[in-house]
Amino acid sequence: MATAVPNCAPKQDLPPPGGYKKIPFARVPPKSYFTGFTMIGAYVAVTAVGLGIYYLTAKKVRRDEIEMRSAQNVIYPILIAERDREFLRQLRRNRDEEAELMKNVPGWEVGTWYGEPVYKTLPEDTLVTPIFKEFYAHSDWKSYAKRAHLKLWS
């Protein structure tokens, strides 16, 4: 039972009548929207506008800097005075703590070494700034550590 294959010629794939279209391979330049003079003019315009905005902003920044410097110059003496007051308060606390700590020691006077002045060549009313550890001798360790960290890293 064989099926008979009709006798027909094989169909070959051929180009369309008239041939294929040409392949475009020539350079196609992009469309020019601006000329060189237009681009230079746009650059000059944008630069001029930018410089104008910069000038206005720079004036405002300069005004703000002058105001900030003026405020700092005004408040600086107040901050120095507060720092000095706190320094003297801490010296007073140190002296009071020394008096409390050494009250049972016979012959001990605060600010002296058993009644003898430590600094013999200085007048009695001269303030001798204590060294760092002596200044924080009677304060808590946390305050000392915080200030020591600042002192070492600044």
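**Asn94**

I started with Asn94 and found its place in helix α1. A reminder to myself: this is a predicted model, and I read every value below with that in mind. Is Asn94 buried or exposed? I looked up its relative accessibility, which is 9%, so Asn94 counts as buried; the cut-off for buried is under 20%. Next I asked which residues Asn94 touches, leaving out those up to four places away in sequence. I noted three names: Glu134, Phe135 and His138.

**Glu100**

I then moved along to Glu100, which also has its place in helix α1, a helix that covers residues 36–101. Glu100 has a relative accessible area of 48%, so I wrote it down as partly exposed. Which side chain does Glu100 meet in a polar contact? I found Lys103, with the contact at 2.9 Å. I also checked Glu100 against Val110: the two are ten residues apart in sequence, and their C-alpha atoms are 9.6 Å apart in space.

**Salt bridges**

How many salt bridges are there? I got a count of eight, and I looked at some of them one by one.

- I found Arg83 and Asp84 joined through their side chains, with N to O at 3.4 Å. Arg83 counts as exposed at 53% relative accessibility, while Asp84 is partly exposed at 36%.
- I found Glu86 bridged to Arg93, where the closest N and O atoms are 2.7 Å apart. Glu86 is partly exposed with a relative accessible area of 35%, and Arg93 is partly exposed with 39%.
- I found Lys120 meeting Glu116 at 2.7 Å, N to O. Lys120 is exposed at 60% relative accessibility, and Glu116 is partly exposed at 43%.

Where does Arg89 come in? I saw that Arg89 belongs to a network of salt bridges that links it with Glu86 and Arg93.

**Residues 33–56**

Last, I turned to the record. An unreviewed UniProt entry lists residues 33–56 under "transmembrane region".

Definitions and conventions:
Residues are numbered from 1 along each chain as its sequence is written. This is a predicted model: local features need pLDDT of at least 70, side-chain atom pairs count only at pLDDT 80 or more; totals for chains, interfaces and linings use all residues. Side-chain values use heavy atoms; hydrogens and water are left out. Helices (H or I, at least four residues) and strands (E, at least two) are DSSP runs, numbered from the N terminus. Buried means under 20% relative accessible area, exposed over 50%, partly exposed in between (1.4 Å probe, protein chains only). A polar contact is a pair of N or O atoms within 3.5 Å; within protein, one must be able to donate a hydrogen and the other to accept it, and residues adjacent in sequence count only if both atoms are side-chain atoms. Contact means heavy atoms within 4.5 Å. UniProt positions are given in the numbering used here, feature names are shortened, and annotations may be inferred rather than shown by experiment. A salt bridge is a side-chain nitrogen of Lys or Arg within 4 Å of a carboxyl oxygen of Asp or Glu.
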